[in-house]
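Hi,

Here is the structure I promised to pass on. Have a look at it first, and then read my notes below.

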Amino acid sequence: MLALALLFILISRVMKRNVKRLKIKHKIQAGKITYSDLNTPAKPLFSKRYRISGKPDYIVKRNGHYFPVEIKTGNHYEPKKNHIFQLAAYCQILEENYGGFIPHGILIYSDTSQQFKIPFNPKIRFELESTVNKMRKSLKTGKIKRNHNDSQRCKSCSMRTYCDEKIN
Ligand code: SF4
């Protein structure tokens, strides 16, 4: 009986160590994971204010605050503007769905192991609002212009088939 108990303790310690190693390797954030779209598809969350929906990769609750975490592939060493806005949109969605202040989101580039804390501050809130407004206007008029000259971005874009503005 004692041997069995010792074996159980040993297995549990090894498992804990493995989980800790995996968390560090994949930059899993400390705190309680309350939502995840990584293992199984999660339900999209909706912002009534901006009429946008989205699914962060996962949501963590730490010290009484929720924050979204988005994991991107790609060889990036700096946060990309479109990824910052995507994360800001998730922060907005979380604020409406979970109630309370969302201080920041976390952006992770898995290929370069870079991690960035993106504050959800007044400046980014304002920029998010004006970007959403511009997008709505473009959708209404049907005039959508490309806002970059990055052929790599077009190459990996999911809208490429339908886009008249793509760079070949
Ligand atoms: S294919 Fe079109 S939508 Fe996609 S990145 Fe290029 S210009 Fe933008």
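**What I found around I59 and beyond**

Leaving out residues up to four places away in sequence, I59 touches T34, Y35, Y66, P68 and L94. Before you read too much into any of this, keep in mind that the model is predicted.

One of those contacts, P68, is also the bridge partner of I59 in β5. The strands β4 and β5 pair in the antiparallel sense, over 5 bridges. They form a hairpin with 2 residues between the strands, and N63 there takes a positive phi near 50 degrees.

I59 turns up again in the largest nonpolar core, which has 21 residues. I59, L87, A88, Y90, C91, L94 and I102 are the members that touch the most others. Two or more residues each come from β4 (58–62), β5 (65–72), α2 (81–98) and β6 (104–109). Which element gives the most to this core? That is α2, with 7 residues. As general background, nonpolar side chains in soluble globular proteins tend to be buried together.

Next, the other strand pairs. β5 and β6 are parallel, paired over 4 bridges. To get from β5 to β6 the chain passes through α2, and this β-α-β crossover is right-handed. β6 then pairs with β7 (residues 114–119) in the antiparallel sense, with 6 bridges joining them. H104 has P119 in β7 as its bridge partner. There are 4 residues between β6 and β7 in this hairpin, and S113 in the turn has a positive phi of about 60 degrees.

Where is K72 placed? K72 sits in strand β5, and it stands opposite Y109 in β6. Is K72 buried, exposed or partly exposed? K72 counts as partly exposed because it has 19 C-beta neighbours inside 10 Å, while a buried residue needs 20 or more. Apart from neighbours within four places in sequence, K72 is in contact with H83, L107 and Y109. If you want a distance to check on screen, the C-alpha atoms of K72 and P56 are separated by 11 Å, with the two residues 16 apart along the chain.

Last, the ligand. Around the ligand you will find R146, R153, C154, C157, M159, R160, C163, E165 and K166. The residues of this shell divide into 4 nonpolar and 5 charged, with no polar ones.

Cheers

Methods. Residues numbered from 1 in each chain as written. Predicted model: local features only at pLDDT ≥ 70, side-chain atom pairs only at ≥ 80, totals over all residues. Near = placed C-beta within 6 Å. Nonpolar A, V, L, I, M, F, W, Y, C, P; charged D, E, K, R; others polar. Core = buried A, V, L, I, M, F, W, Y, C linked by C-beta atoms within 7 Å. Buried ≥ 20, exposed ≤ 12 C-beta atoms within 10 Å, placed from the backbone. Contact = placed C-beta atoms within 7 Å. Pairing = 2+ DSSP bridges. Right-handed = clockwise from strand over helix to strand, strands pointing away.
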